[in-house]
Each structure stands twice: as structure tokens, then as C-alpha cells.
Amino acid sequence: MKKRIIWIVLLVLIVGGGIFTFTAYRQIFGSGIDLHGENEWVLYLDNDATYDDFVDSLQSHDVLKYESTFMRLASYKGLDENIKPGRYVIVNGMSNNTLVNMLRSGNQSPVTITFNNIRTKEDFVEVIAPKMAFDADELLEALNNDSIAAKYDLTTENILVLFIPNTYEMYWNLSPEEFIDRMHNEYLKFWNDERLAKAEKIGYSPVNISILASIVAAETNKVDEMPKIAGVYVNRLHKGWKLEACPTVIFAMGDFTITRLLNKHLKYESDYNTYLHEGMPPGPINLPSPQAIDAVLNYEKHDYMFF
């Protein structure tokens, strides 16, 4: 009789242990996230976010199917001491184990940033900031910081040449300085040996090529016309003429509604007014596209001095 009772107890313990193990396994490695009909939810943890902030966000959105299991797993894996800021895409049906590992490793999802048709720093920061953790004023302050510009042998007037219009992926929680540094790396990739050689042959630095390209881009949005227009401006520069580019006057005045320049406009005092000052303006008057930059690098060889 005693042996029978012992076997029954052992059987109960084995079955119970199996059920417990199966349940624990399912709650850890099975579907642990319920987004209530949504496919994904983006969790943002800024650079000073704590583990408690993370938990509060999960609880307020009611996404944990097995909260106690998640909390035990997170504690066991040390997530409370290894939470990393960033932008995390949480997918419906994700397991608790996957979520903990993602947060612990900082495996965040990048944001996609696209910019073009930008004239001023103010325009630029308003396009970039909504995609990033920093705000527009913080980025604008960085772009107007002489020390930051000097890191790249630039000035606060020409620092916008760093930003080549395109689509980029980057981490959401970059600081303004880190964002600029990341874009500087993209700038260096763009200015490869072939482009640098062409710029040297023309006799201008990449910065001045970009500034000239911004003027060409302001003259036309037709890519096939850009090399011919670039040729006119290069001819003027090589002969020591003033550029006399109308778009530089409009930029100097800051009134982009002007469609026809008058003599009074041409007398507007500004370093950007190429009717008054020789050579290049101190910075770009927009963010020229890669096509505009390449149009200057491959300008049409002709004798035209006027359009």
C-alpha cells in the first residue's frame, strides 16, 4: 500500500512538474506580447530613461500577457541594470525572452530620415528634429556652434555642406553632435577619390563646389540643364568676374517670394550678394542634390559667360 502511495505521489509530482515546466516555457518563449489588434508598437526610451520608466510604459500600454513571468525573467537576466535607451519596435506576439534580450543588448530599430529642397538651417532642423530625440532648437544651436563646425574644418556659415540630400538610417537617440558626426561620415563617403580629383582639377575645394552647386540648383531643377549653367559660373570665376547670381540675392534678403529682382534688390548689402562681392558666398544657399554637385564637377566646357 505504501509503495502504491509513493508511486502516486511521484506521478503527481512528475505530471505537475511537467505542466509547470511547459507553462513556464510557453510564457517565456511563446507569445508574451499582446498589442490588442495592432501589428507593432514603437517604444521610445530617451537617454536618461530608467528601468522603472520602461516598466511603466509597458504597464500603461497593457502589452504584457504574463507580467509576473516577464518581471522574473527581466530580473534573472539583469535587465534592470542593463536597460539601454533607444527606439524599439515591439511586434505583436513577441516572446518575453525576445523582448528582454532586445532591450538588454540595445538592439534598437533605426529611423529613416529623408531630406531635400532645404534652403536654410531653420528649414533643415524642422525636417530632422521630429524624427529624432533632440528638438529643433538643440540641433540649430549645434549647427551655430563654432567649435563643432571647426571639428570638420568648416564654419557655421558653410556647415550645411555636410548634409547631402538623400535617405539615411540612424539611431533615434543620437545627440545633435552625434547626428552631425554621422552625417560627416556620409559626406566623406560621398566625396570619394573620383569626386575629389575632379574638384582639384577645377581648382576648388569640395566646400566651394557644394556652394556653387547650391547656386546652380537654385537656377534650375532640370538636371540636364545644370552642367551648362555650371559652366557659365565656372567661366565667370576663372575670368575673375563676379558671379552675379540672382538666387544669392534672394537668399541674402531671406524673401523667397521674390520672383523678379529690381535694381534696389541688387544693392542689398550682404556677403551672400554676388552682385556686390566677388567669388563665392560664405555658405550654400540651399542643400544641393548629388546631381547638382556632380553637374558642377562635370560642368559643360563652353565659352558662354551669360545665360
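Reader: What makes Phe 251 buried or exposed?

Author: Phe 251 has a relative accessible area of 18%. Buried means under 20%, exposed over 50% and partly exposed in between, with a 1.4 Å probe and protein chains only, so Phe 251 counts as buried. Tyr 272, with 12%, is buried too. Keep in mind that this is a predicted model, where local features need pLDDT of at least 70 and side-chain atom pairs pLDDT 80 or more, while totals for chains, interfaces and linings use all residues. Residues are numbered from 1 along each chain as its sequence is written, and side-chain values use heavy atoms, leaving out hydrogens and water.

Reader: Why is the aromatic pair of Phe 251 and Tyr 272 called tilted?

Author: The ring centres are 5.0 Å apart, with 55° between the planes. Rings of Phe, Tyr and Trp (its six-membered ring) pair if their centres lie within 6.5 Å; planes under 30 degrees apart are stacked, over 60 edge-to-face, and the rest tilted. So 55° makes this pair tilted.

Reader: What does the pair tie together?

Author: Phe 251 sits in helix α13 and Tyr 272 in the loop between α14 and α15, so the pair links parts 21 residues apart in sequence. Helices here are DSSP runs (H or I, at least four residues), numbered from the N terminus.

Reader: How do you know that the charged end of Arg 195 sits over the ring of Phe 190?

Author: The test is CZ of Arg, or NZ of Lys, within 6 Å of the ring centre and within 35 degrees of the ring normal. For Arg 195 the distance is 3.8 Å. Lys 301 sits over Tyr 299 likewise, at 4.2 Å.

Notes. Helix = DSSP H or I, 4+ residues; strand = E, 2+ residues; numbered from the N terminus.
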